[in-house]
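Subject: Structure handover

Hello,

Here is the structure I promised to pass on. Please open it alongside this note.

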Amino acid sequence: MPRKDFMDMGELTDPAYFILLSLTEQKHGYLIMKTIEELTNNEITIGPASLYTTLKKLLKADLIQLVEETDDNKKPYVITELGYERLQQEVDRKRRLIAYAEKILAGGNVSK
């Protein structure tokens, strides 16, 4: 059975999440990777293959858009309004997941 695309499942992968976060301001590919590394203190790194595969999916889903190319052949991207809404939904979803975990862990209901 083929794997479902993260866009079909209603949740963002970590690379998609961090790419959208980094694109609240216009950036090209290399700068997106560097922004994510700086944002996460090098805890999260996204390689070029993963970056450009995810960018294609985000473009297709209209969560980001390609801005007019610059003279230096770099392709700048920026988050769309739909992308911003989807990012906020993902932040809300992650908050709920953390709340569930904190509730269980605080209650000591975890088998050791």
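Below is what was found in it, starting with the whole chain.

This is a predicted model: local features need pLDDT of at least 70, side-chain atom pairs count only at pLDDT 80 or more, and totals for chains, interfaces and linings use all residues. Residues are numbered from 1 along each chain as its sequence is written, and side-chain values use heavy atoms, with hydrogens and water left out.

**Overview**

The protein chain has 5 helices and 2 strands. Helices (H or I, at least four residues) and strands (E, at least two) are DSSP runs, numbered from the N terminus. Their order from the N terminus is α-α-α-α-β-β-α. Of the 112 residues, 31% are buried. Buried means under 20% relative accessible area, exposed over 50%, and partly exposed in between (1.4 Å probe, protein chains only). Contact means heavy atoms within 4.5 Å. Among contacts with a separation of 6 or more, 49% join residues 24 or more positions apart.

K27 sits in the loop between α2 (14–22) and α3. K27 counts as buried, at 10% relative accessibility. Leaving aside neighbours within four places in sequence, K27 contacts S22, I32, T35, K75, P76 and Y77. K27 and I79 are 52 residues apart in sequence, yet their C-alpha atoms are 9.8 Å apart.

H28 lies in that loop between α2 and α3 as well. Not counting residues up to four places away in sequence, H28 touches K74, K75 and P76. From H28 to V78 is 50 residues along the chain and 8.8 Å between C-alpha atoms.

Helix α3 covers residues 29–39. Its buried residues are G29, I32, M33, T35, I36 and E37. They pack against α2, α4 and β2. Just after α3, N41 has a positive phi of about 50 degrees.

**Where α3 meets α4**

These two helices pack at an angle of about 110 degrees, with axes 11 Å apart. Axes are lines fitted to C-alpha atoms, for helices over the stretch in contact, and angles run from 0 to 180 degrees between N-to-C directions. That makes α3 roughly perpendicular to α4. The classes are: under 35 degrees roughly parallel, over 145 roughly antiparallel, 65 to 115 roughly perpendicular, and the rest oblique. From α3, the contact uses G29, Y30, I32 and M33; from α4, P48, L51, Y52 and L55. These residues divide into 7 nonpolar, 1 polar and no charged. Ala, Val, Leu, Ile, Met, Phe, Trp, Tyr, Cys and Pro count as nonpolar, Asp, Glu, Lys and Arg as charged, and the others, Gly among them, as polar.

**Helix α4 and what follows**

Helix α4 has 13 residues, 48–60. At 1.5 Å a residue (times one less than the number of residues), α4 should span 18 Å, and its end C-alpha atoms are 18 Å apart, which agrees. L51, T54, L55 and L58 are buried in α4. They cover an arc of only 110 degrees around the axis, so they lie on the same side of α4. The arc is that of the directions from the helix axis to the C-beta atoms. The face turned away from the buried side carries exposed A49, K56 and K60. D62 follows α4, and its phi is positive, near 60 degrees.

T80 is in the loop between β2 (77–79) and α5 (81–107). T80 is buried, at 14% relative accessible area.

Best wishes
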